[in-house]
Amino acid sequence: MRNNIRRLVATLMAGFLVVGLALGYWQVVRGPALLARADNPRLVIAEQRAQRGRILDRNGVVLAYDQVRDDGTTARVYPYPEMVHVTGFYSLRYGVSNIEASYDETLRGLAGRSSLRTFTDGLLHRPQIGSDVMLTLDADLQAAADAALGDQRGAVIALDPYTGAILALASHPAYDPNRLDETWEVLRELPSTPLLNRATQGLYPPGSVFKTVTLAAALETGLASPDEIFTDATGTLQVGDFTVRCHNHPGRTTFDLLHAYAYSCNVTFAKLGLRLGVERLAEMARRFGFEEPPPLEIPVETSHLAATSPVDTMDEATLAATAFGQGELMVTPLQMALVTAAVANGGQLPAVHLVQAVQDGSGQWHEPGRAVPHAAISPYTAQQLRMAMVLSVKEGRAGEAALPGVTVAGKTGTAQVGEPGQLPHAWFIGFAPAEAPRVVVVVLVENGGDGGRVAAPVAREVLEWILTTDAQN
């Protein structure tokens, strides 16, 4: 009897060993060759029958949802296709982008789901239903920003300066994600690059709006004071072989520092840049967020003080040009929105974000974790910058942004692109009301020409819509 038991045990052990070796071979050695292909019809059908969660604006307006067809498969629908640079697209052929990508697991209903539940749902053929994502965007404000920008190539951002919530983000030209599969190849080849999100990924010379950073550095370091008098009698400054020119203050040869900002005097800001030196100017830019991508739920590019060479190799001519917004500077509209928000928020750089809340599997809403706001400049510096931006609208280059009965703070920029025959990029940064800022607005119009004549009126329309809506509510 004992011998029989031993033989039985030995046989069972040998069997287990053979099964173990076979499993190891088929799962590890041969496993990759046996995986289901991505285009396996069963996987495609399963994906088509899964119902993704909705993407909503801050007021519950549906920006993306799944429509169930008669055969039980689903089609992704975008009622507001102009928001594609935020919502993104969902395609079985081309994948996912933007919010559709960053919150893919939530929208598919997989976030926080246990392996046991996933296995049970698959075993019982339960439909896969995703959870919803609520954005900070306001669909009506977004429509107003799109209308104000019109057919011009560029971007508009509206931002809450205290919370960092993005209220509108327009990038033109856009495209229709509902027709992505049929238009993808054409979209990729268009010279207007509609697939590029100009608000967060477009890199441009900022022109005079960067003078906000230079002025902040001069005030923060104590190397200049608001009442310091500057003289520019000739409208030129020679820095090595580079001639700085300025014709923005006709009839004025002397003015204080804040008026130099309002008049957008390149000569004065070139002098400030040379007084500051590369290190101090670079440090201030980093405090505003340059050289690191802002933490956002969609792809962003990093803004650089010197895009093509190390900062510490910058010569005096390049430093002078950088100080008034040219040189090798390359920035995104999002970066300039953060600079402006810090001024409006008393020096605090807010944690910028696009997602307000996320729904869990039980239907409860939760705010996602966010970066902590930090001080970029002192409250005193922020106050002086605010005064300079008010002067810029009242007496200077940004007058087209003025609104009756409202104190608007702003700055325009006309950024030379360095390519023959191309108009400069038109910029505006600002906020209103200046005494108690409600919203930051940044406008970029590619090759639009003069910032005061082109970008400022776009910003005025957006600001007017926001403040009028607030008053009505």
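Visitor: Where is tyrosine 78 placed?

Guide: This is a predicted model, so keep that in mind throughout. Tyrosine 78 lies in the loop between β3 (74-77) and α4 (84-87).

Visitor: Buried or exposed, that tyrosine 78?

Guide: Tyrosine 78 is buried, with a relative accessible area of 2%.

Visitor: What does tyrosine 78 touch, not counting residues up to four places away in sequence?

Guide: With those set aside, tyrosine 78 touches Leu63, Ala64, Thr87, Gly88, Phe89, Tyr90, Glu100, Pro177 and Asn178. For one C-alpha distance, take glycine 88: 10 residues along from tyrosine 78 in sequence, and 9.5 Å away in space.

Visitor: Okay, and alanine 64, which strand is that in?

Guide: Alanine 64 belongs to strand β2 (residues 62-68). Its relative accessibility is 0%, so alanine 64 counts as buried. Leaving out neighbours within four places in sequence, the contacts of alanine 64 are Gly53, Arg54, Ile55, Arg76, Val77, Tyr78, Pro79 and Glu100.

Visitor: Zooming out: how many helices and strands does the chain have?

Guide: There are 16 helices and 19 strands. Of the 473 residues in the chain, 50% are buried. And if you take contacts between residues at least 6 apart in sequence, 66% of them join residues at least 24 apart.

Visitor: Now sheets. What's the strand order in the open sheet of five strands?

Guide: The order is β8-β7-β19-β18-β17, with antiparallel pairing. From one strand to the next, the twist averages 5°.

Visitor: How many bridges join β7 to β8?

Guide: Six, and strand β7 (residues 154-159) runs antiparallel to β8. If you want a residue pair to look at, valine 156 stands opposite alanine 170 in β8.

Visitor: Which strands does α14 lie across?

Guide: α14 lies across β7, β8, β18 and β19, at about 150° to β19. Helix α8 (residues 139-149) lies across β7, β8 and β19 (439-445), and runs at about 35° to β8.

Visitor: And α15, what do its buried residues pack against?

Guide: They pack against α10, α11 (257-263), α14 (333-344), β17 (409-415) and β18 (425-432). Those buried residues of α15 include Leu385, Met389, Leu391 and Val393, and also Gln384 and Arg386. Helix α15 (residues 379-394) has 16 residues and reaches 22 Å from first C-alpha to last, close to the 22 Å expected at 1.5 Å a residue.

Visitor: Switching to helix pairs. At what angle do α10 and α12 pack?

Guide: Helix α10 (residues 211-221) and helix α12 (residues 266-287) pack at about 80°, their axes 8 Å apart. That is why α10 and α12 are described as roughly perpendicular to each other. On the α10 side the contact includes Val213, Leu215 and Glu220, and on the α12 side it includes Phe269, Leu276 and Met284. The residues of that α10 and α12 contact divide into 11 nonpolar, three polar and four charged.

Visitor: What about α12 and α13, at roughly what angle do they cross?

Guide: The axes of α12 and helix α13 (residues 316-323) cross at roughly 110° and come within 8 Å. So α12 is roughly perpendicular to α13. Among the residues making the contact are Phe269, Gly273, Gly277 and Leu281 of α12, with Leu319 and Ala323 among those from α13. By class, the contact of α12 with α13 has eight nonpolar, three polar and one charged residues.

Visitor: Which residues of α13 are buried?

Guide: Leu319, Ala320, Ala321, Thr322 and Ala323. What covers them includes α10, β10, β11 and α12. Just after α13, glycine 325 takes a positive phi of about 100°.

Visitor: You mentioned β10 and β11. What do they form?

Guide: A hairpin, with two residues between the strands; glycine 240 in the turn has a positive phi of about 65°. Strand β10 (residues 236-239) and strand β11 (residues 242-245) pair antiparallel over four bridges. Within that pairing, glutamine 238 has threonine 243 in β11 as its bridge partner.

Notes:
Residues numbered from 1 in each chain as written. Predicted model: local features only at pLDDT ≥ 70, side-chain atom pairs only at ≥ 80, totals over all residues. Heavy atoms only, no water. Axes fitted to C-alpha atoms, helices over the stretch in contact; angles between N-to-C directions. Parallel < 35°, antiparallel > 145°, perpendicular 65-115°, else oblique. Contact = heavy atoms within 4.5 Å. Nonpolar A, V, L, I, M, F, W, Y, C, P; charged D, E, K, R; others polar. Expected span 1.5 Å × (residues − 1). Buried < 20%, exposed > 50% of the residue type's maximum accessible area, 1.4 Å probe, protein only. Pairing = 2+ DSSP bridges.
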